Amino acid sequence: MNYQEKTFDFGTLDGFSEKQISEHLKLYAGYVKNVNRIETEIGALMADSEKNALSLSEIKRRLGFEWNGMRLHELYFDALGHASGLDPASGLSQAIEKRWGSVDELKAQLKAIGLMRGIGWVLLVNDRAADMLQTVWVGDHEVGHLAGTEVLLAMDVWEHAYAVDYLPTGRAAYIDAFMKNLNWGKVAERFN
């Protein structure tokens, strides 16, 4: 199988330079390339899986990092641009109000998590089994996901996501820009 880079229509982004987005998209392209390369290597190693057991175990572990790097960036970029508010009548809005009382309270929680020390992702996930939304910190792409949940919103807080436009200490301003450019309609589609 060969995965393809997706293209994204951002429109005009407030608080993001073209250079920042371009550099970030190059990083995403690297994840897609590495997933394809790893899949090819796995295929070759499987020809003699017993002999290649050690190599297979290591590369399969690496696949999780590259795969989630690819998919999280796709979720991130897909909901960035063409900013829209969340329709108060939507199922997502009702689920947010049930869990946190208001969309503003959820945004405050997402920002607080995003400002924690370290690199990673802030996710809004849906646990359909419990009919409950959760906010999650994910460290190295593959560490911290809650099994069985669906990612509705992915906010990249690795420094590569904002270092061109903001200093490493400018994460708060970057998060504000991200929230300002968030297309809640895309997030609501994922919930539905």
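How are H1 and H2 oriented to each other? In this predicted model, for which local features require pLDDT of at least 70, side-chain atom pairs count only at pLDDT 80 or more, and totals for chains, interfaces and linings use all residues, H1 and H2 are roughly antiparallel to each other. Residues are numbered from 1 along each chain as its sequence is written, and side-chain values use heavy atoms, with hydrogens and water left out.

Helix H1 spans residues 18-45 and helix H2 spans residues 53-78; the two pack at an angle of about 150°, and their axes are 9 Å apart. Axes are lines fitted to C-alpha atoms, for helices over the stretch in contact, and angles run from 0 to 180 degrees between N-to-C directions. Helices (H or I, at least four residues) and strands (E, at least two) are DSSP runs, numbered from the N terminus. Angles under 35 degrees count as roughly parallel, over 145 as roughly antiparallel, 65 to 115 as roughly perpendicular and the rest as oblique. The crossing of H1 and H2 is left-handed, a term applied if the near helix is turned anticlockwise from the far one by less than a right angle. The residues of the contact of H1 with H2 comprise 17 nonpolar, five polar and six charged. Here Ala, Val, Leu, Ile, Met, Phe, Trp, Tyr, Cys and Pro count as nonpolar, Asp, Glu, Lys and Arg as charged, and the others, Gly among them, as polar.

Ile59 lies in helix H2 and counts as buried at 10% relative accessibility; buried means under 20% relative accessible area, exposed over 50%, and partly exposed in between (1.4 Å probe, protein chains only). Apart from neighbours within four places in sequence, Ile59 is in contact (heavy atoms within 4.5 Å) with Ile38, Glu41, Ile42 and Leu45. The C-alpha atoms of Ile59 and Ile119 are 23 Å apart in space, the two residues being 60 residues apart in sequence.

Rings of Phe, Tyr and Trp (its six-membered ring) pair if their centres lie within 6.5 Å; planes under 30 degrees apart count as stacked, over 60 as edge-to-face and the rest as tilted. The Phe8 and Tyr28 rings form an edge-to-face pair, with centres 5.9 Å apart and planes at 70°. Phe8 belongs to the segment before H1 and Tyr28 to helix H1, so this pair ties together parts that are 20 residues apart in sequence. Phe8 is buried at a relative accessible area of 17%, and Tyr28 is buried at 1%. Tyr28 also pairs edge-to-face with Phe77, the ring centres lying 6.3 Å apart and the planes at 65°. Because Tyr28 lies in helix H1 and Phe77 in helix H2, this pair ties together parts that are 49 residues apart in sequence. Phe77 is buried, at 1% relative accessibility. Ring pairs link Phe8, Phe10, Tyr28, Tyr76, Phe77, Trp121 and Phe178 into a cluster.

Backbone geometry was also examined in the loops. His82, which is not a glycine, has a positive phi of about 50°; His82 is placed in the loop between H2 and helix H3 (91-100) and is partly exposed at 41% relative accessibility. Asp131, likewise not a glycine, has a positive phi of about 50°. Asp131 is located in the loop between strand S1 (121-127) and strand S2 (132-138), where its relative accessible area of 52% makes it exposed.
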